Amino acid sequence: MMTLEEFLDEWNNDEETIAVKTSGSTGKPKWMRVEKKRMVASARMTISFLGLQPGQTALLCMPLDYIAAKMMVVRALVGGLQIISVQPDGHPMAQQALADEHVDFAAMVPLQVYNTMMVAEERERLARVGQLIIGGGAIDQRLAERLNELPHPVWSTYGMTETLSHVAMRRLNGNGKSEWYTPLDGIAVRQDEEGCLVIDAPSLSTDILHTNDVVRMHDDKRRFMVVGRKDNVVCCGGVKIQAEEVEKCLQPYVHVPFFIGKEKDEKFGEIVVMVAETENKKLLEDIIGNVLPKYWIPRKIYTVSQLPLTQTGKPLRNLNVLE
C-alpha cells in the first residue's frame, strides 16, 4: 500500500502523469495514468464547491493506491490545507491520533461511515468534522437517515477514477438535502439513448465519458438522479429489472447486509438472485414475498457468513465468488 511520502515523491517528480488504481467494482482493479494538471483542476472544483479555506485540516483515511485518497492530498496541496493522515481502515475515527484533532474536511467510503456511526465515541468525533464527503458506493437508506444526526454538511459524491474522483455532489443532511446530484462548475451532463449518463468535463478529460449509470434527469436538465448501473439490469423473461431499485425497496425491511445480483437461466435468460449475510433464509423469503412485485422476487437466495465486497467496500456482484 502506498504511503503519503511515496505519493508526494511521485507528485513532485518531473513526470506529467501519475498512476492510479481503479476500484474493481465492475471487474479486476487495473492501473491507469492520469495527468497531474487535470487532478489540480479537479481539486479546484471541489475546493470552490465546498468553500474550503487555506489553513483548514483535511483527513486522509483511505488507501493511497486509489484516486479518492490521492485527490484528498492534491486538494490539500492546491488549497493550502493541513493533512491529518491516519491508517486507512474500517474505523478511521477510532484512531487515537484523532482524539483531540479538529477536522474541517474528510472523505470516506460508505462502509467507514457506517462503522463510525455504530460506535458512540467515533460518532461523536465524526459529528465534529466540518464537512464530510462520501463516495465509492451506494449509501443505504438507513445510513442516510442516521446522517441527519450530524450537525455539519455531509455530501454524497458521484464520480469514478476516469473523472479523477467526483464530478457532482448531493447533500445528505440538513435543509439542503436532495436526491439530485449537482455537477461541479465546468461539468456538463446528459443522457444517452439507453438512459445512461454522459459527462463532458473538458478540464478533466479530453474525451466525453459515456458511463454505464442509468439516470433520471431533473427538469432543469442539469441535475440528475442515479437509478443504477446498466450492468445491473436483469432481463428476466423480457422484463427489465434494475438491481439497485430492488435493493432500495428491500432496505427498510431487510436488516442484514445484502445485495441483488443476477444469474444466467435457461428458461428466463436471466434471473434475480439475492446474496445476504445471514443464516435465516426463511425470514428473507417471507420478507421479499410480502414486499416485492412478483417479477422482482429473487428466484435464488444465497446466505453467506460475510458479504463479498471489493477493496473499496462496494458489493462484489460477480457471483462466481460464491462457487
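I counted eight helices and 18 strands in the protein chain (DSSP runs numbered from the N terminus: helices are H or I of at least four residues, strands E of at least two). I then looked up the radius of gyration, taken over C-alpha atoms. It is 20 Å, close to the 20 Å that the globule rule gives for 323 residues, so the chain is as compact as a globular protein of that length. That rule is 2.2 Å times the number of residues to the power 0.38.

I noted that this is a predicted model, where local features need pLDDT of at least 70, side-chain atom pairs count only at pLDDT 80 or more, and totals for chains, interfaces and linings use all residues. Residues are numbered from 1 along each chain as its sequence is written, and side-chain values use heavy atoms, without hydrogens and water.

Next I checked burial. Buried residues make up 49% of the 323 residues (buried means under 20% relative accessible area, with a 1.4 Å probe and protein chains only).

I turned to helix H4, residues 110–117. Six of its eight residues are buried, so H4 is largely enclosed by the rest of the structure. I listed them: Pro 110, Gln 112, Val 113, Asn 115, Thr 116 and Met 117. They pack against strand S5 (105–108), helix H5 (120–127), strand S6 (131–134) and helix H6 (141–146).

Last, I looked at phi. Leu 164 has a positive phi, near 55 degrees. Leu 164 sits in the loop between strands S7 (154–160) and S8 (165–171), and is buried at 2% relative accessibility. Ser 165 has a positive phi too, near 80 degrees. I found Ser 165 in strand S8, buried at 11%.

Technical notes:
Buried < 20%, exposed > 50% of the residue type's maximum accessible area, 1.4 Å probe, protein only. Contact = heavy atoms within 4.5 Å.
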